[in-house]
Amino acid sequence: MRKIIIFGLLFLLADSFNARAQAPFYQGKTIRIIVGYPAGDTNDQWPRLFAQFMSKYIPGNPVIIVQNMTGGGSMIAANYVYSVGKNDGLTLGWVSPALYFDQLAGLKEVQFDWPKFTWVGTPVESEHVLYMRTDAPYKNAEDIRKATVPPRCGATGVSSTGNYMPKLMEETIGTKFNIVAGYQGGGPVDLAVERGELQCRALTIEAFFNREPFHTWRKNNFARTIMQTGRKRDARMPNTPLLVDLMEQYKTPEQGKRLAKVVMAAGAFGRPMVASPGIPADRVRILREAFAKATKDPEFIEETKKRSFDLEPSSGEEMETLAKEVMSQPPEIVEKMRQQAEKFGARV
């Protein structure tokens with residue numbers, strides 16, 4: 001009888017062990033998305049939307065929370081995810097698509113290796129636009145080229161659109177800008193433009209058309225668009241020239257065109273969700289699949305439409321390949337990136 005009882009207990013223990021062993025890793029866990037932007041930004045709204053939908057596509061249905069960690073154009077958040085976050089698949093990040101500029105430039109603040117991030121996906125590729133206050137004496141790129149006093153544009157960090165797009169225009173078509181840095185997000189830059197402290201800003205086309213203050217600005221003719229990136233003009237800005245067309249107009253040298261290709265690759269990264277490096281392959285697959293399935297969820301799609309978000313997702317595999325490509329640049333391009341960082345006052 002005693003042997004039967006012992007055998008029964010062992011059987012129950014073994015069964016309990018097997019049940020725990022078969023439980024999904026993410027069951028009972030909490031995933032954090034570290035967002036390098038202030039609350040309310042478009043780049044804050046996107047990860048919060050994913051936090052609502054990804055969990056149901058992850059076995060174990062973990063809790064997903066968003067934590068804002070601003071500073072350095074999302075550099076602080078990227079460094080945290082890469083260097084502090086454990087490689088267990090519980091720390092995700094939402095960072096600038098152009099942070100690879102900082103690594104190419106050799107900035108000392110960089111504590112990550114861009115290609116070694118775990119790439120989860122992006123909901124959209126992001127082309128860019130430069131807007132200007134309508135009452136500023138710069139109606140087009142030619143006015144900026146000829147200006148004795150450059151317009152003042154706002155930016156957060158070296159790798160922010162607000163810095164690198166005007167700098168790219170300087171390198172390729174000869175415009176000049178006075179970049180005012182140190183803002184903690186796009187909202188404060190736009191507020192500075194409203195107050196008259198600044199005259200211009202570069203940002204994504206998506207953001208320019210999906211939120212305030214831009215709806216009101218367009219209605220009141222407060223700002224005009226000077227330049228846009230991409231291969232064809234956005235239907236909402238048919239009269240705004242493409243940078244590639246301006247480069248043809250001003251006969252940009254071949255090296256400038258190569259630099260533009262590297263810089264504008266940031267648009268393909270879009271609004272990237274990354275994770276710490278070295279995550280087990282099965283968890284990487286789970287995260288990527290959950291991201292992809294969320295973008296196909298009818299309720300998710302409906303929510304993006306309500307918010308006027310564009311939705312053209314790219315996979316983590318595609319982004320991983322792109323990350324390796326952009327970091328494989330010839331010495332002359334790396335040197336040009338370093339020079340641009342020095343002009344902006346960065347430590348290299």
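**Briefing: sheet, salt bridges and helix packing**

Aspartate 44 has a relative accessibility of 3% and therefore counts as buried, since the limit for that class is under 20%. Its salt-bridge partner is arginine 48, with 3.0 Å from N to O. The model discussed here is predicted. A search of the whole structure gives 18 salt bridges, and an open sheet of six strands is present.

- Arginine 48 and aspartate 44 both belong to helix H2 (residues 42–53), where they are four residues apart, about one turn of the helix.
- Arginine 48 has a relative accessible area of 33%, so this residue is classed as partly exposed.
- In general terms, side chains of opposite charge can pair when their charged atoms come close.

**Salt bridge between arginine 211 and aspartate 190**

- The side chains of arginine 211 and aspartate 190 form a salt bridge at 3.7 Å, N to O.
- This pair links distant parts of the chain, 21 residues apart: arginine 211 is in the loop between helix H8 (205–210) and helix H9 (214–220), and aspartate 190 is in helix H7 (residues 186–195).
- Both arginine 211 and aspartate 190 are buried.

- Arginine 288 and glutamate 320 meet through their side chains in a salt bridge of 2.8 Å, N to O.
- Because arginine 288 lies in helix H13 (residues 281–296) and glutamate 320 in helix H15, the pair ties together parts that are 32 residues apart in sequence.
- Arginine 288 counts as buried, at 14% relative accessibility, whereas glutamate 320 is partly exposed, with a relative accessible area of 27%.

- Strand E2 (63–68) and strand E11 (314–315) are the edge strands, each of which pairs on one side only.
- Strand E4 (residues 118–122) and strand E10 (residues 273–275) run antiparallel and are joined by three bridges.
- Within that strand pair, alanine 275 of E10 stands opposite threonine 118.
- Helix H3 (residues 75–84) packs on the sheet and touches strand E1 (30–35), strand E3 (91–94) and E10. The direction of H3 makes about 145° with that of E1.
- Helix H15 (residues 316–326), which carries glutamate 320, lies across E4 and E11 and runs at about 120° to E4.

**The buried strand E8**

- Strand E8 (residues 200–204) is largely enclosed by the rest of the structure, because five of its five residues are buried.
- Strand E5 (residues 128–133) runs antiparallel to E8, and five bridges join the two strands.
- Arginine 201 in E8 is the bridge partner of tyrosine 131.

**Contact of helices H13 and H14**

- Two packed helices are described by the angle between their axes and the distance between the axes.
- For H13 and helix H14 (residues 298–306), the axes cross at roughly 65° and come within 5 Å.
- The contact brings Ala294, Thr295 and Lys296 of H13 together with Pro298, Phe300 and Ile301 of H14.
- By class, the residues of this H13–H14 contact are four nonpolar, one polar and one charged.

Technical notes: Residues numbered from 1 in each chain as written. Predicted model: local features only at pLDDT ≥ 70, side-chain atom pairs only at ≥ 80, totals over all residues. Heavy atoms only, no water. Pairing = 2+ DSSP bridges. Contact = heavy atoms within 4.5 Å. Axes fitted to C-alpha atoms, helices over the stretch in contact; angles between N-to-C directions. Salt bridge = Lys/Arg side-chain N within 4 Å of Asp/Glu carboxyl O. Buried < 20%, exposed > 50% of the residue type's maximum accessible area, 1.4 Å probe, protein only. Nonpolar A, V, L, I, M, F, W, Y, C, P; charged D, E, K, R; others polar.
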